[in-house]
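Please read the following note with the sequence and the model side by side. The points are numbered so that each can be checked in turn.

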Amino acid sequence: RVGRGAAKGGRRRFVFLRRVKALGEIEPSRPWREDDAPAPVDPYGRSKLEAERALQIFCESPDSSGMQWVVLRPPLVYGPGVRANFLRLMQAIDRGIPLPVGRAVAPRSLLYLDNLADALMACAADARAAGNVFHVIDGEDLSVYALAGRLARLLDRPARRVAVPIALLRGLGRISGRRDEIDRLVSPLRLDSGKLHKLLDWNPPFIVDYGLAATVALYRTGS
């Protein structure tokens with residue numbers, strides 16, 4: 001319905017932002033590429049994949065009046081005002097709560113909000129983007145262990161990272177019904193964004209440390 005509304009409104013390009021969960025929760029032993037076969041594991045991920053395919057089919061139909069499509073897949077997005085698990089991690093560090101992430105060293109891709117906005121503008125304006133799927137990341141992958149350390153430094157708090165064995169964490173996750181959350185904590189999940197760079201000459205304008213500092217700065221204000 002959104003696609004039809006955009007076409008009726010005379011829009012020439014539809015940029016669809018789609019979470020990486022449509023690919024899967026765990027990478028295939030290397031960073032996910034755009035041409036990898038998706039393997040979503042839950043209804044949320046499957047719905048995102050179905051929406052992407054439905055948009056592509058619509059844009060290729062006469063009803064779209066030739067409207068172009070672009071799909072942009074980000075990993076975890078953070079920035080000033082971030083919520084959910086990222087905010088809880090900052091709060092725990094700020095309060096000095098020990099975190100069982102001393103062995104959570106699997107790398108995971110991140111994306112600063114302003115880098116996402118810049119990539120969205122490139123996909124909307126560059127003619128070369130039409131009909132393509134792109135991954136977009138900051139360009140520096142961090143483990144949860146490393147992320148906690150950088151946030152602690154920015155918050156001027158000690159990084160209380162307890163080295164709990166991964167097998168024990170997974171076992172506790174199964175017992176507590178938080179298996180998926182633990183898997184995301186300890187498993188690698190990286191994206192390859194080389195296609196966006198090669199095809200659109202796009203590079204993230206902000207480095208990870210800048211994005212984390214901006215995120216912490218607003219958190220400190222209590223906003």
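**Notes on the predicted model**

1. Arginine 73 stands opposite histidine 135 in strand 5, where strands (DSSP runs of E, at least two residues) and helices (DSSP runs of H or I, at least four residues) are numbered from the N terminus. This is a predicted model, in which local features need pLDDT of at least 70 and side-chain atom pairs count only at pLDDT 80 or more, while totals for chains, interfaces and linings use all residues. Residues are numbered from 1 along each chain as its sequence is written, and side-chain values use heavy atoms, with hydrogens and water left out.

2. Strand 2 and strand 5 pair in the parallel sense over four bridges, and strand 1 pairs with strand 2 (residues 68–73), also in the parallel sense, over five bridges; two strands count as paired if DSSP finds at least two bridges between them. Strands of a sheet pair through backbone hydrogen bonds, either parallel or antiparallel.

3. Together, these strands form an open sheet of three strands in the order 1-2-5, with parallel pairing. Strand 1 (13–17) and strand 5 (132–135) stand at the edges with a single partner strand each, so one side of each is left without a neighbour in the sheet. Neighbouring strands are turned against each other by 20 degrees on average, direction ignored, with axes taken as lines fitted to C-alpha atoms (for helices over the stretch in contact) and angles between N-to-C directions running from 0 to 180 degrees.

4. Helix 2 (residues 43–59) packs on the sheet and touches strand 1, strand 2 and strand 5, its direction making about 160 degrees with that of strand 2; contact here means heavy atoms within 4.5 Å. Helix 4 (residues 113–125) lies across strand 1, strand 2 and strand 5 and runs at about 150 degrees to strand 1. From strand 5, Asn132 and Phe134 point one way and Val133 and His135 the other way, and all are buried, where buried means under 20% relative accessible area, exposed over 50%, and partly exposed in between (1.4 Å probe, protein chains only).

5. Which residue's side chain makes a polar contact with the side chain of arginine 73? The partner is glutamate 52, at 3.4 Å, a residue found in helix 2 that counts as buried at 4% relative accessibility. A polar contact is a pair of N or O atoms within 3.5 Å; within protein, one must be able to donate a hydrogen and the other to accept it, and residues adjacent in sequence count only if both atoms are side-chain atoms. Leaving aside neighbours within four places in sequence, glutamate 52 is in contact with Phe16, Arg18, Val71, Arg73 and Val133.

6. Aspartate 126, in the loop between helix 4 and strand 5, counts as buried at 18% relative accessibility, and its side chain makes a polar contact with that of arginine 128 (2.8 Å). Not counting residues up to four places away in sequence, aspartate 126 touches Arg13 and Leu200. By comparison, aspartate 63, in the loop between helix 2 and strand 2, is exposed, with a relative accessible area of 61%.

7. The largest nonpolar core has 30 residues, and those with the most contacts inside it are Tyr78, Phe86, Met90, Ile93, Leu147, Leu151 and Leu212. Such a core is a set of buried Ala, Val, Leu, Ile, Met, Phe, Trp, Tyr and Cys residues joined through side-chain atoms within 4.5 Å. Helix 3, strand 4, helix 5, helix 7 (179–186) and helix 9 each supply at least two residues of this core. Apart from it lies another core, of 13 residues, among them Leu72, Leu116, Phe134 and Leu200.

8. Helix 9 (residues 208–221) has 14 residues and reaches 21 Å from its first C-alpha to its last, close to the 20 Å expected at 1.5 Å a residue; the expected span is 1.5 Å times one less than the number of residues. The buried residues of helix 9 pack against strand 3 (76–78), helix 3 (84–94), strand 4 (110–112) and helix 5 (144–155). Glycine 222 follows helix 9 and has a positive phi, near 80 degrees.

9. The buried residues of helix 5 pack against helix 3, strand 4, helix 7 and helix 9. Just after helix 5, aspartate 156 takes a positive phi of about 60 degrees.
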